[in-house]
Amino acid sequence: MAAVESLVFDHMEGLPGLSHAVFTRRGGVSPPPREGLNVGLGCGDAPEHVIENRRRMLEHLDISRAVFLSQVHGGDIHIIRRGQVNSDELWNPETGVTKTPVKADGVITDEPGLGIVIQVADCQAVILYDPVCHVVANVHSGWRGSVADILGRCVGQMIEEFGCRPETIQAGIAPSLGPCCAEFVNFRQELPQAFWPYKSSGSPRFDFWTISKDQLLGKGLKKEHIETMGLCTVCHPDLFFSYRREKNTGRFAAVAVLENA
């Protein structure tokens, strides 16, 4: 059985109190066209494959409780406070079912041992961690999320709800659609004019990595606390699922979990 493979953010790996991973498509049981570690239940894969893949992924980080959001390309952030975890919102590894899936595109928690999962196949998964307040967030940001400034909204809620300070928050932007492949031929209708300076000269390709970085900087994060893995999902079919490249494909995940303080 092939082992699952994952990546970590260099600047987060040594931070106390946090475990995290960005999983590649390698090491799972799903057959083509979602070959490998597909963790998405809604993309045509057999449920038993997805359940096994999710178990392997969570086992890799020694996680027994996890939240898989019902991601809707919106701007809502779900908050889970310490000691207030709703078991109906947790994914059940025995049944493969979440009784009450949370419709949101980001989650913030200070609950130790709770894995928070974002699933992607070109969109950005962005992990935010405050090692001082011991608070972690995971955010799904596609182009619609970028337009809604979901990253800025999440940082704002970390500050308002948990007393975090932006200068101590660390951010990691996972592999996603790169500036080489983020083509938006209808950008005049889809993207605000504030994004147009991020367009490549001579083509309708946009640098959403820099857009996200600038949105985080605009909320007060330090430049040295923001890491972009810089891997385009379209350009690395051996490592990542890509909806833009394949359409009929799986989902890989970024996962973060607070260690017991």
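Hi everyone, let me start with the aromatics: W143, F184, F187, F195, W196, F206 and F208 form one aromatic cluster. Keep in mind that this is a predicted model. Within it there are 9 aromatic pairs. One of them is F187 with W196, an edge-to-face arrangement with 5.4 Å centre to centre and 90° between the planes.

Now to the strands. Which way do the residues of β5 point? G106 and I108 point one way, V107 and T109 the other, and all are buried. On one hand, β5 runs parallel to β4, joined by 3 bridges, and I108 is the bridge partner of I79. On the other hand, β5 runs antiparallel to β8, with 4 bridges, and there V107 has N138 as its bridge partner.

I108 turns up again in the largest nonpolar core, which has 33 residues: together with L128, C154, M158, F208, L216 and L221, I108 touches the most other members. Elements giving two or more residues to this core are β7, β8, α4, β9 and α6, and α4 provides the largest share, with 6 residues. Leaving out residues up to four places away in sequence, L221 touches L128, V155, P166, I169, A171, L216 and I226. There is also a second, separate core of 31 residues, with L18, I80, V120 and M229 among them.

Finally, an open sheet of 5 strands, in the order β1-β2-β11-β6-β3, with mixed pairing. Why do β1 and β3 each have a side without a neighbour in the sheet? They stand at the edges, each with a single partner strand. For β3, the parallel pairing with β6 covers 4 bridges, including the one between F68 and V117. Helix α2 packs on this sheet, touching β1, β2, β3, β6 and β11, and its direction makes about 125° with that of β3.

Methods:
Residues numbered from 1 in each chain as written. Predicted model: local features only at pLDDT ≥ 70, side-chain atom pairs only at ≥ 80, totals over all residues. Heavy atoms only, no water. Buried < 20%, exposed > 50% of the residue type's maximum accessible area, 1.4 Å probe, protein only. Pairing = 2+ DSSP bridges. Core = buried A, V, L, I, M, F, W, Y, C linked by side-chain atoms within 4.5 Å. Contact = heavy atoms within 4.5 Å. Axes fitted to C-alpha atoms, helices over the stretch in contact; angles between N-to-C directions. Phe/Tyr/Trp six-rings, centres within 6.5 Å; stacked < 30°, edge-to-face > 60°.
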